[in-house]
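Hi,

Here is the structure I promised to pass on. My notes on the contact between the chains follow below it.

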Amino acid sequence: MAEPAAQTAFAEEALTHLDTLYRGALRLTHDPDQAQDLVQEAYLRALRYQHSYQAGTNMRAWLFAIMRNLFWDRFKGSRKEDVSLDDLGEFVLFEKLRDEGARPEADVLDKIAASEVVSAVDKLPPLHREVVLLVDVEGFSYKDAADTLGVPIGTVMSRLHRARQQLQKSLYDYAVESGIVRPGGMKQVPQT
Amino acid sequence: MRCEECSDKLDRYVDRELNDTEALQVQLHLEGCPDCMDHYEFEAHLKRLVKHSCDCDTAPKAFREKLRQILS
């Protein structure tokens, strides 16, 4: 066990990453209570194994790795089979909107509520969701995401690519259902 | 650089994962190709939308304090 002062310093530094861990746990579990349990256990485990953390390396990535490994152990029994997203094929929202005459395309994004984006992220299979959380939400590099997840960079890139396509398809479906986009004939984005 | 190659590299350009040479090649193509520039701006906009939609969740204050006590 570390000296009390060193332990306090370690805990203080670790707590600066709490929001990242909590957000990640919330998006993985979809439940605030489970997210808090998961994060608390992750911090306790981090404290217990702080000797394995190398000062000066990426503590945020190290903590996230502990949390997501606990998630898979507790909620998934370490089984990391995932729903394949390959069936979707290539779906590029920008091209889809352009084909349908929505110009400028980015106006469609401005009309999508944040809650719908979160919902689309939540619908991703966990192995794909966690890559989006790390790279798009938390700004991890591909290498840090790969280290955190324990997979090659190529796997991060392929999961991210498929996850983004699925996400774009979900947002497109929402835009159609809510009337933001009218397939096959829209000439401009309706003004609100 | 052709539009197809630019499109292939767009994700990594948006994520700042290209090396300096590749990033410069993409940047030069974008500056001369309005269609690809529109596509780039759309993907960058979408990435910001995902980030800002998801990063508003923060740990509750009471939970932070509880953790601080447990860890001290």
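Let's start with a charged pair: R64(B) and D19(A) join their side chains in a salt bridge, with 3.2 Å from N to O. By salt bridge I mean a Lys or Arg side-chain nitrogen within 4 Å of an Asp or Glu carboxyl oxygen. Between chain A and chain B there are eight salt bridges.

A word on conventions: this is a predicted model, where local features need pLDDT of at least 70, side-chain atom pairs count only at pLDDT 80 or more, and totals for chains, interfaces and linings use all residues. Residues are numbered from 1 along each chain as its sequence is written, chains are lettered from A and ligands numbered from 1 in the order written, and side-chain values use heavy atoms, leaving out hydrogens and water.

Now the contact as a whole (heavy atoms within 4.5 Å). Chain A gives 43 residues to it and chain B gives 29 residues. Together the two chains bury about 3500 Å², 64% of it on carbon and sulfur atoms; this is the accessible area (1.4 Å probe) lost when the two parts are put together, summed over both.

One residue to look at is R23(A), which sits in helix 2 (residues 18–29) of chain A; helices here are DSSP runs of H or I, at least four residues, numbered from the N terminus. R23(A) is buried, at 11% relative accessible area, where buried means under 20% (1.4 Å probe, protein chains only). Beyond four places away in sequence, its contacts include E138(A), D55(B) and D57(B).

Enjoy exploring!

Note on methods
Helices (H or I, at least four residues) and strands (E, at least two) are DSSP runs, numbered from the N terminus. Buried means under 20% relative accessible area, exposed over 50%, partly exposed in between (1.4 Å probe, protein chains only).
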